[in-house]
Amino acid sequence: MKRNKVIAGNWKMYKNNSEAQQLANQIKIRSTEIKKTEIILCPPFSALALVHEQVKDSSIAVGAQNLYWEKEGAFTGEISAGMIKSCGAAYVIIGHSERRQYFGETDATVNKRIKAALAEGLKAIVCVGESLDQRESGVTAKVIETQVTAGLEGLSKDDMKNLIIAYEPVWAIGTGKTATPEQAQEVHAQIRGLIDAQFGSDVAEKIKIQYGGSVKPENAETLLSQPDIDGALVGGACLKAETFLPIIQAAELL
Ligand code: PEP
């Protein structure tokens with residue numbers, strides 16, 4: 001089944017408001033030819049509303065990088081799904097490896113966050129991926145299986161329509177090391193198989209699985225042409241229009 005590609009840019013903790021506005025505007029102006037590929041910009045919370053304002057007359061979507069699962073309350077420093085929605089965002093990244101590594105995110109909290117996002121009508125980009133140690137000790141498939149099954153526990157087939165999975169090998173994030181297209185394809189096919197087992201083949205065929213980990217203009221086409229790679233979650237290369245746009249254009253041509 002042919003699935004249109006989805007390219008998301010994770011701006012992480014980069015870009016103050018004037019830089020965010022400028023980058024969003026450059027991407028908007030220079031992506032008017034893009035028709036099939038979905039573009040999602042994920043700025044820091046502080047620039048969400050501003051970036052939404054900048055791109056709202058285009059087909060570019062906006063996403064947050066995290067959320068807290070409670071609706072509101074005494075949770076200093078946290079942001080709820082409803083608050084994200086009110087900034088005009090349609091997506092939220094959940095379970096990024098930096099959240100798992102530095103902020104104690106687990107499969108159980110990923111699951112709570114996904115449910116809170118979906119309940120508010122947000123779409124979730126759910127990240128999974130193994131560390132270097134795990135890859136080298138041969139447990140990649142087991143780690144991915146646990147993250148997918150525990151992370152998506154209790155979701156319905158309908159919920160899955162609003163989910164994207166991002167396979168991001170931790171050893172390839174921000175390191176310049178990219179998984180080979182074959183390594184990435186192998187895990188993407190495994191993830192699709194897990195979704196098939198958990199939710200059925202109709203869901204598995206449709207779900208989009210992005211690859212993330214040092215995607216750049218030079219490697220985008222070979223990665224994106226793998227049969228089970230439906231897009232990219234881009235970190236470093238999304239911070240400049242000159243490096244983000246060629247990735248989107250590579251996706252559009254496939
Ligand atoms: C990411 O942050 O999700 C990511 C994949 O980063 P990078 O492209 O810099 O490896």
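Helices here are DSSP runs of H or I with at least four residues, numbered from the N terminus, and their axes are lines fitted to C-alpha atoms over the stretch in contact, with angles running from 0 to 180 degrees between N-to-C directions. The model you are looking at is predicted, so local features need pLDDT of at least 70 and side-chain atom pairs count only at pLDDT 80 or more, while totals for chains, interfaces and linings use all residues. Residues are numbered from 1 along each chain as its sequence is written, and side-chain values use heavy atoms, with hydrogens and water left out.

Let us start with the helices. Two packed helices are described by the angle between their axes and the distance between the axes. Find helix α5 (residues 107-119) and helix α7 (residues 140-151): their axes come within 8 Å and cross at roughly 40°. That angle makes α5 oblique to α7 (under 35 degrees counts as roughly parallel, over 145 as roughly antiparallel, 65 to 115 as roughly perpendicular, and the rest as oblique). The crossing of α5 past α7 is right-handed, meaning that the near helix is turned clockwise from the far one by less than a right angle.

Now follow α7 to helix α9 (residues 181-199), where the axes come within 10 Å and cross at roughly 40°. These two helices are therefore oblique to each other, and α7 passes α9 in a right-handed crossing.

Next, turn to the ligand. Around the ligand are 14 residues (each with a heavy atom within 4 Å), and Lys12, Glu168, Gly174, Ser214 and Gly236 come nearest. Polar contacts (pairs of N or O atoms within 3.5 Å) include one between a ligand oxygen atom and a polar backbone atom of Gly236, at 2.8 Å. A polar side-chain atom of Asn10 lies 3.2 Å from an oxygen atom of the ligand.

Notes. A polar contact is a pair of N or O atoms within 3.5 Å; within protein, one must be able to donate a hydrogen and the other to accept it, and residues adjacent in sequence count only if both atoms are side-chain atoms.
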